[in-house]
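Look at the sequence and the model before reading on.

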Amino acid sequence: MLVTLLSKGELPATIFQSDRENARSWWAALEEGQREDRICDLTQVLEFYGIDLPESEDGWMMACWESECA
């Protein structure tokens with residue numbers, strides 16, 4: 001893991017990125033198997049609660065990102 005040292009009072013650049021940009025970076029860093037596992041796990045949770053499943057790859061990316069950050 002890469003760690004960036006910040007000066008006192010300096011904010012990390014990632015806080016200025018949108019959730020979608022952060023989600024894309026995070027999703028791209030996952031291996032295909034990891035993505036499939038997260039989609040499978042989230043599918044079970046969403047179906048249990050009667051929540052509609054995402055219909056696109058982008059929708060799954062954002063749903064998994066939100067689940068990761070929850």
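The questions below go from the whole chain to single residues. This is a predicted model, in which local features need pLDDT of at least 70, side-chain atom pairs count only at pLDDT 80 or more, and totals for chains, interfaces and linings use all residues. Residues are numbered from 1 along each chain as its sequence is written, and side-chain values use heavy atoms, with hydrogens and water left out.

Me: What pattern does the protein chain follow along the sequence?
Reply: Helices (H or I, at least four residues) and strands (E, at least two) are DSSP runs, numbered from the N terminus. The protein chain has three helices and zero strands. Read along the sequence, the pattern is α-α-α.

Me: What percentage of the residues in the protein chain is buried?
Reply: Buried means under 20% relative accessible area, exposed over 50%, and partly exposed in between (1.4 Å probe, protein chains only). The protein chain has 70 residues, and the buried share of them is 21%.

Me: Which residues of α1 are buried, and where on the helix do they lie?
Reply: The buried residues are Asn22, Ala23, Trp26 and Trp27. Seen down the axis of α1, they fall within an arc of 130°, the arc being that of the directions from the helix axis to the C-beta atoms. On the other side of α1, Ala28 and Ala29 are exposed. The buried residues therefore line one face of the helix.

Me: What distance separates the end C-alpha atoms of α2?
Reply: The expected span of a helix is 1.5 Å times one less than its number of residues. For the 17 residues of α2 this gives 24 Å, and the distance between the end C-alpha atoms agrees, at 24 Å.

Me: Which residues is Leu46 in contact with, leaving aside its neighbours within four places in sequence?
Reply: Leu46 lies in helix α2 and counts as buried, at 11% relative accessibility. Contact means heavy atoms within 4.5 Å. The residues in contact with Leu46 are Ile51, Asp52, Leu53, Pro54 and Trp60.

Me: Which residues do salt bridges that share partners join into one network?
Reply: A salt bridge is a side-chain nitrogen of Lys or Arg within 4 Å of a carboxyl oxygen of Asp or Glu. Arg20 and Asp58 meet in one (2.6 Å, N to O), and Asp58 forms another with Arg24, with the closest N and O atoms 3.8 Å apart. Asp58 lies in helix α3 and Arg24 in helix α1, so this pair ties together parts that are 34 residues apart in sequence. The network consists of Arg20, Arg24 and Asp58.

Me: Why are Glu32 and Arg35 separated by about one helical turn?
Reply: Their side chains meet in a salt bridge (3.6 Å, N to O). Glu32 is partly exposed, with a relative accessible area of 48%, whereas Arg35 is buried, at 17%. The separation is about one turn because the two lie in helix α2 and are apart by three residues.

Me: Is Tyr49 buried or exposed?
Reply: Tyr49 is in the loop between α2 (32–48) and α3 (57–69). Its relative accessible area is 59%, so Tyr49 is exposed.
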